[in-house]
Amino acid sequence: MKNIGVEVAPEHAFGRQFLEGVAAYAATKNEWRLCSVPHNRTNRALLSQLDGLILRLMGPSGNQIENAAHGIGLPVVDIYGERPRAGVAQIHGDYEALGRIAADFFVSRGFSNFGWCGIDGLVFSDETHAHYRKSLAAKGLEIQSYRCPKDLAEKIVYTVPDRIPDARTLRKWLRSLPKPIAVFCCNDHRAYQVMNIALNEGFDVPHDIAILGVDNDTMICAYAQVPLSSIDPDAERIGFSAARLLHALVERRAVRRMHRPMLVPPKGIVERKSTAHIPIDPPWLSSVLMEIETNLSNGIAPCDIVRASGLSATSVERTFRGKLGVSVIDYITRKRMERAKQLLKTTSLLTKEIAFACGYRSSQYFCRAFKSYYGKSPKSQALG
């Protein structure tokens, strides 16, 4: 029997889903016994009873654990990635992809003002912030950033979201931002806090401030005053992959040495009301674009857009081409294809179900349309 230590951090969705991924892999190994390991209280006596360890090596306690594990030759997988560590394998989310996805999403929505709210000194926050800034800079765009001091990190991350220790400075920052603005937050906890302060200040979410988080924590996102959009980092896959990597180390099929971290890409954005706004003039165009977003599955057509605008078909078509560079039907098709691509990547839905979700009543017609648009079939897209 192999005793596998796993740090338990179920305070947030990421931790819970990560543990599910580890458990899913452990279920395939009858000789594995999972043991709960509390962070900051791990000692040499406990480590000596283990055959492998998965946890976050962070701060002084992380250094102590690393040294103790190294001293007894214990295989370790680090899911935090604070710094490269000789003899320790690392695996975590793809922060570059997180930053790029958020930047591309907000730019595609037509925003020209961008904000970031994170926590200074935490790797996942600092790295995502850096790549978000870099992705926007590549498009000639800048961001206005707010990062709370590192000494407040634990109070923000490990307490209930309604307690905001930096509320005064966060409120001042939100007031100073140009509106409308798209604000990307390091996690859902922080996004929830930004939303509460914004609403208390009288700002409209998402028309004044559109907010996007990370983790897709349903208990936070779905029950917020305005349901929060969030990037799903695929924590379960990170957990499964971490366990698989540790298994290779335990069985000595992988060499324990310093190497680049393994990165797990996020699933994508789960859209909710906090980002349901497209800041574009005239106002009726913004409204009909959101009408398209919310009614793709209903088979929305150009005639529906004309009816919703209250204008003539000629005026609507002229505005679409002038503002968006495409016809109404081409814009609808693009949105259908983008949604289909996302569903193929992030879900296990059948092709027929995806076709219906994108407004196609025939899976055969959907497959032809998808291949014509992307140059490959939905099945190839899902596998690729």
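Is Tyr 374 buried, partly exposed or exposed? With a relative accessibility of 26%, Tyr 374 counts as partly exposed, because buried would need a value under 20% and exposed one over 50%. Keep in mind that you're looking at a predicted model. A search through the whole structure turns up 13 salt bridges and 15 aromatic pairs.

**Aromatic pairs**

- With 15 aromatic pairs found overall, a handy one to start with is Phe 105 and Phe 106: their ring centres sit 5.5 Å apart with the planes at 50°, so this pair is tilted. Both Phe 105 and Phe 106 are buried.
- Tyr 373 and Tyr 374 make an edge-to-face pair, at 4.9 Å from centre to centre and with 75° between the planes.
- That pair isn't buried: Tyr 373 counts as partly exposed at 39% relative accessibility, and Tyr 374 does too at 26%.

- Side chains of opposite charge can pair when their charged atoms come close.
- Asp 217 and Arg 16 form a salt bridge, with 3.3 Å between the closest N and O atoms. The two are 201 residues apart: Arg 16 belongs to helix H1 (residues 13-26), while Asp 217 is in the loop between strand E9 (209-214) and helix H9 (218-221).
- Asp 120 meets Arg 147 in another salt bridge, at 3.8 Å from N to O. This pair links parts of the chain 27 residues apart, with Asp 120 in the loop between strand E6 (114-119) and helix H5 (123-137) and Arg 147 in strand E7 (residues 144-148).
- Asp 120 is partly exposed at 33% relative accessibility, and Arg 147 is partly exposed at 41%.
- Arg 171 bridges to Glu 201, and here the closest N and O atoms are 3.1 Å apart. Arg 171 sits in helix H7 (residues 167-176) and Glu 201 in the loop between helix H8 (188-200) and E9, so the bridge ties together parts that are 30 residues apart in sequence.
- Arg 171 counts as partly exposed at 28% relative accessibility, as does Glu 201 at 27%.

**A salt-bridge network**

- Some charged side chains join up in a network of salt bridges: Arg 109, Glu 271, Glu 293, Lys 335 and Glu 338 are linked this way.

**A positive patch on the surface**

- Arg 100, Lys 341, Lys 345 and Lys 376 gather on the surface in a patch of positive charge.
- Which helix holds Lys 341? Look in helix H14, which covers residues 328-346.
- Lys 341 is partly exposed, with a relative accessible area of 34%. Patch members need over 30% relative accessible area and no salt bridge, so at 34% Lys 341 passes the area cut-off.

Notes. Residues numbered from 1 in each chain as written. Predicted model: local features only at pLDDT ≥ 70, side-chain atom pairs only at ≥ 80, totals over all residues. Heavy atoms only, no water. Patch = residues over 30% accessible without salt bridge, like charges linked within 9 Å, V, L, I, M, F, W, Y side chains within 5 Å. Areas by Shrake-Rupley, 256 points an atom, 1.4 Å probe, with all protein chains shown as cover. Salt bridge = Lys/Arg side-chain N within 4 Å of Asp/Glu carboxyl O. Lys, Arg positive; Asp, Glu negative; His and termini not counted. Charge placed at Lys NZ, Arg CZ, Asp CG, Glu CD. Helix = DSSP H or I, 4+ residues; strand = E, 2+ residues; numbered from the N terminus. Buried < 20%, exposed > 50% of the residue type's maximum accessible area, 1.4 Å probe, protein only. Phe/Tyr/Trp six-rings, centres within 6.5 Å; stacked < 30°, edge-to-face > 60°.
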